[in-house]
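The sequence and structure come next.

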Amino acid sequence: MKRLSENDHIDFYRHLAFCAVGGFFGCYAVLVHSGVMGNAQTMNLLELVIDLLRWQLPDMLLHLGALALYVLGTMLTVLLPHRWGVDMHRASPLITAAMAVVLFLLPPELDPVVALYPIFFAMSIQWSSFAGARGFYSSTIFSTNNTKQSSLALAEYLCDHDRAHLRKMWFYLATLGCFHVGASWAFYAVKWWFTRGSLAVLPLVAWGYFLAVCERRHEEAASVPEDEDARLASALRLPLPAPGPAPGRRVPLAPRRPAVSRRYGSLRVCRLPAVRPFHGGTAGPAGSWAFLHSHRPAGSSPPGPELHWW
């Protein structure tokens with residue numbers, strides 16, 4: 001886990017893992033439930049309108065229920081983090097696994113639209129929780145836009161020979177490949193176990209969850225702030241500390257003020273003209289830089305200025 005958490009491409013690996021999950025559920029729905037794909041709403045909405053025009057109200061209400069679940073799942077990806085601080089990168093795989101168990105428990109003779117309700121719900125959450133990787137927007141639950149983007153990238157490369165377009169093309173081709181690897185696994189799961197084959201997606205979901213956790217750890221490590229003084233020195237382009245006293249050590253400043261001093265807001269940056277002893281026997285090398293602070297925490301007695309070595 002540690003090596004994956006330190007990998008800068010961890011978001012891409014997570015993306016491919018959930019593409020396989022999306023491909024599994026797409027193929028599972030087509031094979032088990034009369035060719036209806038439960039990952040998207042296009043077919044469901046068309047059948048809803050057709051049933052309405054035919055005035056077949058019971059069937060129309062079933063499709064309306066599927067639409068409501070899809071909308072609810074999409075909204076939850078916003079409401080849960082906003083209201084209760086839920087991390088959807090962790091919650092989405094758990095919901096997907098739960099819906100796979102529900103599919104396992106549903107009777108095979110159930111109406112195909114109702115039987116797709118768990119897939120509608122799980123895939124709407126997955127789509128909104130994992131919207132791409134490496135700076136590319138990409139769906140993990142269907143292939144139309146991924147096919148379009150890979151085709152456009154190839155055409156753009158043929159026009160200007162910019163290798164960035166090749167990287168984009170390979171990203172979307174890898175997405176399509178993993179999607180259909182998951183679909184192939186669903187084909188054999190349904191062939192061997194029929195509706196109970198929904199549990200075969202659990203290893204894919206578990207791998208995706210593991211990678212999502214690694215991605216979160218990678219993001220947390222990247223968001224740890226640098227040492228404050230190192231950041232200031234980098235911003236001011238000051239030289240690194242010479243060997244000697246440990247960087248960041250603060251000692252009282254002698255009454256004599258350094259000869260060269262610049263002020264950056266509340267921060268004074270000083271160049272020492274010569275080796276000068278300070279209280280406590282500490283000295284700074286000639287020509288080195290120091291940060292002069294006069295900050296006083298609330299409730300403390302007024303301290304003297306402090307020198308921060310660089």
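How far is the sulfur of Cys 19 from the closest cysteine sulfur, and in which residue is that sulfur? The sulfur of Cys 19 is 6.4 Å from the one in Cys 178, which is too far for a bond.

## About the model

This is a predicted model, in which local features need pLDDT of at least 70 and side-chain atom pairs count only at pLDDT 80 or more, while totals for chains, interfaces and linings use all residues. Residues are numbered from 1 along each chain as its sequence is written, and side-chain values use heavy atoms, with hydrogens and water left out.

## Cysteines

A disulfide is a covalent bond between the sulfur atoms of two cysteines. Here a disulfide is counted when a pair of cysteine sulfur atoms lies within 2.5 Å. By this rule there are zero disulfides. For Cys 178, too, the closest cysteine sulfur is too far for a bond, being that of Cys 19 at 6.4 Å.

Residues are called buried under 20% relative accessible area, exposed over 50%, and partly exposed in between, using a 1.4 Å probe and protein chains only. Cys 19 is buried, with a relative accessible area of 1%. Cys 178 is partly exposed, at 23%.

## Nonpolar cores

A nonpolar core is a set of buried Ala, Val, Leu, Ile, Met, Phe, Trp, Tyr and Cys residues joined through side-chain atoms within 4.5 Å. The largest has 39 residues, and those with the most contacts inside it are Val 21, Phe 24, Phe 25, Tyr 28, Ile 119, Met 123 and Val 201. Helices supplying at least two residues each include H2 (10-32), H5 (88-105) and H10 (202-222). Helices (H or I, at least four residues) and strands (E, at least two) are DSSP runs, numbered from the N terminus. H2 gives the most to this core, with eight residues. Apart from this core lies another, of five residues, among them Phe 12, Ala 133, Phe 171 and Tyr 172.

Contact means heavy atoms within 4.5 Å. Not counting residues up to four places away in sequence, Phe 25 touches Asn 39, Thr 96, Ala 100, Leu 103, Ile 119, Met 123 and Val 201.

## How H2 packs

Axes are lines fitted to C-alpha atoms, for helices over the stretch in contact, and angles run from 0 to 180 degrees between N-to-C directions. Angles under 35 degrees count as roughly parallel, over 145 as roughly antiparallel, 65 to 115 as roughly perpendicular and the rest as oblique. H2 and H5 pack at about 25 degrees with their axes 13 Å apart, and are therefore roughly parallel. Residues of H2 that meet H5 include Phe 18, Val 21 and Phe 25, and those they meet in H5 include Pro 93 and Thr 96.

The axes of H2 and H10 come within 9 Å and cross at roughly 155 degrees, so these two helices are roughly antiparallel. Among the residues in this packing are Ala 17, Val 21 and Phe 24 from H2, and Trp 207, Leu 211 and His 218 from H10.

Glu 6 is in the loop between helix H1 (2-5) and H2. Glu 6 is exposed, with a relative accessible area of 53%. Although 208 residues separate Glu 6 from Cys 214 in sequence, the two are 8.3 Å apart in space, C-alpha to C-alpha.

His 218 lies in H10 and is buried, with a relative accessible area of 19%. Leaving aside neighbours within four places in sequence, His 218 is in contact with Ser 5, Glu 6, Asn 7, Asp 8 and Ile 10.
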